[in-house]
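Biologist: I've got the sequence and the structure up on my screen. Take me through it one question at a time, please, and show me how you get to each answer.

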Amino acid sequence: MAELTKELSQVKGDKPAVPGEDVAAPGKGNGTPNTGKSAPGTDGQVRPQPETPGKRPLDVPTGTPTVIVDDLHIVYRVYGAASESEKGNAVNALTRILKRQGRPQMKEVHAVKGVTFVAYHGDAIGIVGRNGSGKSTLLRAIAGLLPPHEGAVYTDGQPSLLGVNAALMRELTGERNIVLGCYAMGMTPAEVREKYQDIVDFSGIDEFVQLPMSTYSSGMGARLRFAISSAKTHDVLLIDEALATGDREFRKKSQERIRQIRESAGTVFLVAHDLRVIEETCNRVIWLHKGKIKMDGDPKEVLAAYNKG
Amino acid sequence: MSQPESAVADAQAGGRSGQEPLAKLAKRYGLRRAIARPRFPVYLRQLWERRHFILTYATSRNVSKYNRSALGQLWQVLTPLLNAAIYFLMFGLILGGHKNIEHYPAFLLTGMFIFTYTQRTVTAGAKSISSNLSLIRALHFPRASLPLAYTIQELQQLAISMGVLFVLVIADTREWPNWYWLMIPVVLLLQTMFNIGAGLVVARLGATMRDLNQLLPFITRTWLYASGVFFSIQDKVVDSAGLPQWVANVMYLNPAASYIEWMREILISTHNKQFGHHPPPMVWMSCVFWAVFALCFGFWYFWRSEERYGRG
């Protein structure tokens, strides 16, 4: 929620008054797709250079696309985000209804504004950007968890999202959460029994598995969630900040697992604020800025540009 | 509109195949839209595949519900008992509703427990989507699993309250269980079918209409009064108030009243002397109709907006 509010405050500024115009004129970038907010050619903005096939990052197998994102727009609905002018009292609520100003305290947040790219088998794509630049929203849309407002996402198989929000039930023990999480991913009881010990071992939470998840440290929770989600074989795995809280040893383990997934010809998306993690694991980086792609390409180049601006 | 953009993206993505639109590219490699509503039969099959998830989720919720209280799972029995005590004190003793009704405690408790089952399912169903948004935005599963799990959870609760109810009814009527009691599971099955359907409908409504949760208590309370839980509809509407018979008939046709009536016929032999333990044809037909109609309509209605539940 906090993140959303932040996104909201960023989007509010350039949101047109008429909701219908939202899509037709997203900011000033109309006509020049994937342009950042600023006017073209100023303040050292880096335009993505069209790559030739030879320039593709080295360890990429030949191009069978796994994820195609085609001019994707995502509009969120947020409730309870009252601005200062409308204090939350009953009189204002009534006037709002009488004036037919739509739903009380509902705001639409245009989080992703026309993102287009293609991901291939064996890609590990890092997504960087500031808080509220639409990274998590983009991942959710790729996972098919958020319906697009406009445009489309095409995927090969069912992508799975692994994020910090994937908490199942905090009041329950880790053990029950493992079982529940596995069932939610569509495993059968036999598969769950088979994977259970693996998950506990990989997460490294040992005897804490008998305690409610609400007693876990944030790192332990993240480890358990990563262990649960990665227990299933995925064609496309989306990882949202899940590795941020783990300790060094766990980070190594999870990077090893991401490598395994890539080797089995899957595609991995990784959102992280720790740029080292991205540099170590990814072969391609997308830089999102205010819901648009600012740069897309080789990790070194993009990260260097990202660090500068 | 997306034509120039896809060209740019194609170039970015490695300069492959020139001007081909992305939608075509996706089709060529057999990629599917990430969010698409499966066809209805497929959806039902997916739902069946998640039966373990639904069951575990329901049980887990029931377990965690009383986790923090000292008496723990004992509350599963205590809650219906205390409810029964309050209803009896209120409607039986203070308001004196029992004048024309033999075995009033059995009459009242049957009505109350049966009605509570439907009421709680509907109330829980309305929140099932909006209070699980993080789960919905994190994992993939047929969304109908959630309202279904909430109904199963209430069904598990009902099993316990029914045990309490049978003991209290026998204590009041001094009649031992007879062959007609075999119909009890049938009635509960029909009611559960209705509840699942109703839960699915309010789940979809509650996902978009935020105000439904505030409104529901009033709706269910009106429903409670219209269902003859603590009075006999025939008695109050026709005999006392002098309204025409069809008003009473319409009230009897509402699903909650129908299930209550049938259950009373089974449990209390003096409830309706004309029919004995058999329900009047109108009652059981209404029960079956509502069960089938609500279940079919509920699933269809919920499925229609399957891909939109994550938006909040």
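**Strands, loops and burial**

Biologist: Which strand of chain A does A:Tyr154 lie in?
Modeller: This is a predicted model, where local features need pLDDT of at least 70, side-chain atom pairs count only at pLDDT 80 or more, and totals for chains, interfaces and linings use all residues. Residues are numbered from 1 along each chain as its sequence is written, while chains are lettered from A and ligands numbered from 1 in the order in which they are written. Strands (E, at least two residues) and helices (H or I, at least four) are DSSP runs, numbered from the N terminus. A:Tyr154 falls in the run of residues 150-155 in chain A, which is strand E4.

Biologist: Is A:Tyr154 buried or exposed?
Modeller: A residue is buried with 20 or more other C-beta atoms within 10 Å of its own, exposed with 12 or fewer, and partly exposed in between; C-beta atoms are placed from the backbone. A:Tyr154 has 23 other C-beta atoms within 10 Å, so it is buried.

Biologist: Which residue of chain B is in contact with A:Leu161?
Modeller: A:Leu161 is in strand E5 (residues 160-163) of chain A, and 27 C-beta neighbours inside 10 Å are why it counts as buried. Contact means that two C-beta atoms, placed from the backbone, lie within 7 Å. Leaving aside neighbours within four places in sequence, the contacts of A:Leu161 include A:Leu139, A:Leu145 and A:Leu238, and also B:Ala138.

**The core**

Biologist: How many residues are in the largest nonpolar core?
Modeller: A nonpolar core is a set of buried Ala, Val, Leu, Ile, Met, Phe, Trp, Tyr and Cys residues joined through C-beta atoms within 7 Å. A:Ile68, A:Ile127, A:Ile142, A:Cys182, A:Leu238, A:Phe269 and A:Leu270 touch the most other members, and the number of residues in this core is 149.

Biologist: Which helix gives the most to this core?
Modeller: The helix belongs to chain B and covers residues 104-128. It gives 13 residues to this core, and its name is H6.

Biologist: Which domains of chain B does the core lie between?
Modeller: Domain bounds come from an automatic or database domain assignment. Two domains of chain B both give residues to this core, so it lies between domain 1 (1-36) and domain 2 (39-301).

**Helix packing and a loop**

Biologist: How do H6(B) and H9(B) run, roughly parallel or roughly antiparallel?
Modeller: Axes are lines fitted to C-alpha atoms, for helices over the stretch in contact, and angles run from 0 to 180 degrees between N-to-C directions. H6(B) and H9(B) (residues 184-208) pack at about 30°, with axes 7 Å apart. Angles under 35 degrees count as roughly parallel, over 145 as roughly antiparallel, 65 to 115 as roughly perpendicular and the rest as oblique. That makes this pair roughly parallel.

Biologist: Is the crossing of H6(A) and H7(A) left-handed or right-handed?
Modeller: Those helices pack at about 145°, their axes 8 Å apart, and A:Ile199, A:Phe202 and A:Ser203 in H6(A) meet residues of H7(A) including A:Leu224. A crossing is left-handed if the near helix is turned anticlockwise from the far one by less than a right angle, and right-handed if clockwise. The crossing of H6(A) and H7(A) is right-handed.

Biologist: Last one: which residues is B:Arg37 in contact with, leaving aside its neighbours within four places in sequence?
Modeller: B:Arg37 is in the loop between strand E1 (32-33) and helix H3 (40-49) of chain B. It has 14 other C-beta atoms within 10 Å, so it is partly exposed. With those sequence neighbours left aside, its contacts are B:Glu306 and B:Glu307.
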